[in-house]
Amino acid sequence: LVGYAALHKEPVLVSDVSKDPRYIPIVADIRSELVVPLMVKDRCIGVFDLESPELDAFKKGDVEIMTLFASQAAVAIENAKLYESVKEHSRQLEILDQRRTQVMKLIAHEFREPVQRIDNAAQALTAHDPSSVSSMQGDILSGVERLSALISEIRNLSVAASQRFAVQREQIAVSQLIESIVRAFSRNAADRSIALTQAVTTDAVAVEADEDLLSLALSHLVSN
């Protein structure tokens, strides 16, 4: 009877199951049965199965009441499934977002050190006599500054995407951080006829903070 109701998507009311060939005895002493499908649009997602040891225990009024109850229960079950599906989808998106942020931070970190070395080398070549800077050296310095600015933007984007995650505190050398930020913005400042300088004590000043968040804050301060 359960299979019939689910297949045909309609209630089944049997006053005497012993006279119905569709009935398969599983529980002893069952005499009457009412089966109502749980419908969501045109899909059957389950059934309510009521059994009684009494003959003719269920009436047409019971069918109407149980059909109404089944429709409400089906909607509730479907909404619960939808909620779990949305929740799982959100969890997967969050995992992908975390991985994207990790990749962005890795790219910025891996590029920052070699770019810094190139910049240091280029600065050393021009330190003694700035007037003797060749066109190639100027191109190198300009390219390094642009690349540094790009790396800074990538770091900023990764920080903005990861601000809802745990803050990573560590000891940071303030002078080195400020120096890198000034160097990254120096070309942009020069294009606007702005003299960008720094005045940092020679003492080894260090603070405990999230380097990416602090760098983002200082970058925004300089860019504004």
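Which two strands form a hairpin, and how many residues lie between them? Strand 2 and strand 3 form this hairpin, with two residues between them.

## Basis of the model

This is a predicted model, in which local features need pLDDT of at least 70 and side-chain atom pairs count only at pLDDT 80 or more, while totals for chains, interfaces and linings use all residues. Residues are numbered from 1 along each chain as its sequence is written, and side-chain values use heavy atoms, with hydrogens and water left out.

Strand 2 (residues 32-40) runs antiparallel to strand 3, and nine bridges join the two. Strands count as paired if DSSP finds at least two bridges between them. Helices (H or I, at least four residues) and strands (E, at least two) are DSSP runs, numbered from the N terminus. Within this pairing, Leu 38 stands opposite Gly 46 of strand 3.

Lys 41 lies in the loop between strand 2 and strand 3. Its phi is positive, about 55 degrees, although Lys 41 is not a glycine. With a relative accessible area of 81%, Lys 41 is exposed. For relative accessible area, buried means under 20%, exposed over 50%, and partly exposed in between (1.4 Å probe, protein chains only).

## Ser 32 in strand 2

Ser 32 lies in strand 2 and counts as buried, at 0% relative accessibility. A polar atom of the Ser 32 side chain lies 2.6 Å from the backbone oxygen of Glu 54, and the Ser 32 side chain also reaches the backbone nitrogen of Ala 57 at 3.4 Å.

Leaving aside residues up to four places away in sequence, Ser 32 touches residues including Val 14, Val 17, Leu 50, Leu 55, Asp 56 and Phe 58. Touching here is contact, meaning heavy atoms within 4.5 Å.

## Salt bridges

Side chains of opposite charge can pair when their charged atoms come close. The structure holds four salt bridges, a salt bridge being a side-chain nitrogen of Lys or Arg within 4 Å of a carboxyl oxygen of Asp or Glu. One of them joins Arg 43 to Glu 78, with the closest N and O atoms 2.9 Å apart. This pair links distant parts of the chain, 35 residues apart: Arg 43 is in strand 3 (residues 43-52) and Glu 78 in helix 2 (residues 60-126). Arg 43 is partly exposed at 40% relative accessibility, and Glu 78 is partly exposed at 23%.

Another salt bridge, between Glu 88 and Arg 91, has an N to O distance of 2.8 Å. Both residues lie in helix 2, three residues apart, about one turn of the helix. Glu 88 is partly exposed, at 36%, as is Arg 91, at 42%.

Asp 56 is found in the loop between strand 3 and helix 2. Its phi is near 50 degrees, a positive value in a residue other than glycine. Asp 56 also forms a salt bridge with Lys 59, the closest N and O atoms being 2.8 Å apart. The relative accessible area is 35% for Asp 56, which is partly exposed, and 43% for Lys 59, likewise partly exposed.

Technical notes
Polar contact = N/O pair within 3.5 Å; in protein donor to acceptor, adjacent residues only side chain to side chain.
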